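Walk me through this chain.

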Amino acid sequence: MTLALPCSQNGLDKNLYGCLTYFSRNENVPGYYCSSCQAQADSVKATRLWKPPKSLVIMLRKFRLDESSEKAVISFDLKDFNIRTYMH
């Protein structure tokens with residue numbers, strides 16, 4: 001499994017857990033159209049994992065659409081890494 005994590009976190013810790021928290025945050029989706037009930041309503045979207053993958057590749061997205069790049073150093077400690085915090 002591959003996760004492409006954004007690095008621009010607006011004040012969050014510049015570490016792997018901060019990137020995962022930013023990636024899995026709730027996002028408001030105004031005016032979402034539900035095809036089941038044929039109505040429009042505001043909703044919330046979030047990305048979560050169902051089960052821990054056998055192998056995980058983490059790609060840090062340090063470039064933005066305006067072609068500038070994030071200069072921050074992202075720290076990580078794989079010894080105590082726990083992906084279960086970000087599971088559904």
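How far is the sulfur of Cys-37 from the closest cysteine sulfur, and in which residue does that sulfur lie? The distance is 3.4 Å, and the partner is Cys-34. A disulfide is a covalent bond between the sulfur atoms of two cysteines. By the distance rule, the count of disulfides is zero.

The model is predicted, so local features need pLDDT of at least 70 and side-chain atom pairs count only at pLDDT 80 or more, while totals for chains, interfaces and linings use all residues. Residues are numbered from 1 along each chain as its sequence is written, and side-chain values use heavy atoms, with hydrogens and water left out.

Cys-37 has a relative accessible area of 52%, so it counts as exposed. Cys-34, at 23%, counts as partly exposed. The cut-offs are under 20% for buried, over 50% for exposed and in between for partly exposed (1.4 Å probe, protein chains only). Buried residues make up 20% of the 88 residues in the chain.

Next, the fold. The chain has one helix and four strands. From the N terminus on, the order is β-α-β-β-β. These elements are DSSP runs, numbered from the N terminus: helices are H or I with at least four residues, strands are E with at least two.

The largest nonpolar core has eleven residues, including Leu-3, Leu-20, Leu-49, Ile-74 and Tyr-86. β1 (2-6) and α1 each supply at least two of its residues. The largest share, three residues, comes from α1. Such a core is a set of buried Ala, Val, Leu, Ile, Met, Phe, Trp, Tyr and Cys residues joined through side-chain atoms within 4.5 Å.

Finally, take Ser-24. It lies in the loop between α1 (16-23) and β2 (27-34). At 8% relative accessibility, Ser-24 counts as buried. Its side chain reaches the backbone oxygen of Leu-20 at 2.9 Å. Leaving aside neighbours within four places in sequence, Ser-24 is in contact (heavy atoms within 4.5 Å) with Ala-46, Thr-47, Arg-48 and Tyr-86.

Technical notes:
A polar contact is a pair of N or O atoms within 3.5 Å; within protein, one must be able to donate a hydrogen and the other to accept it, and residues adjacent in sequence count only if both atoms are side-chain atoms. A disulfide is a pair of cysteine sulfur atoms within 2.5 Å.
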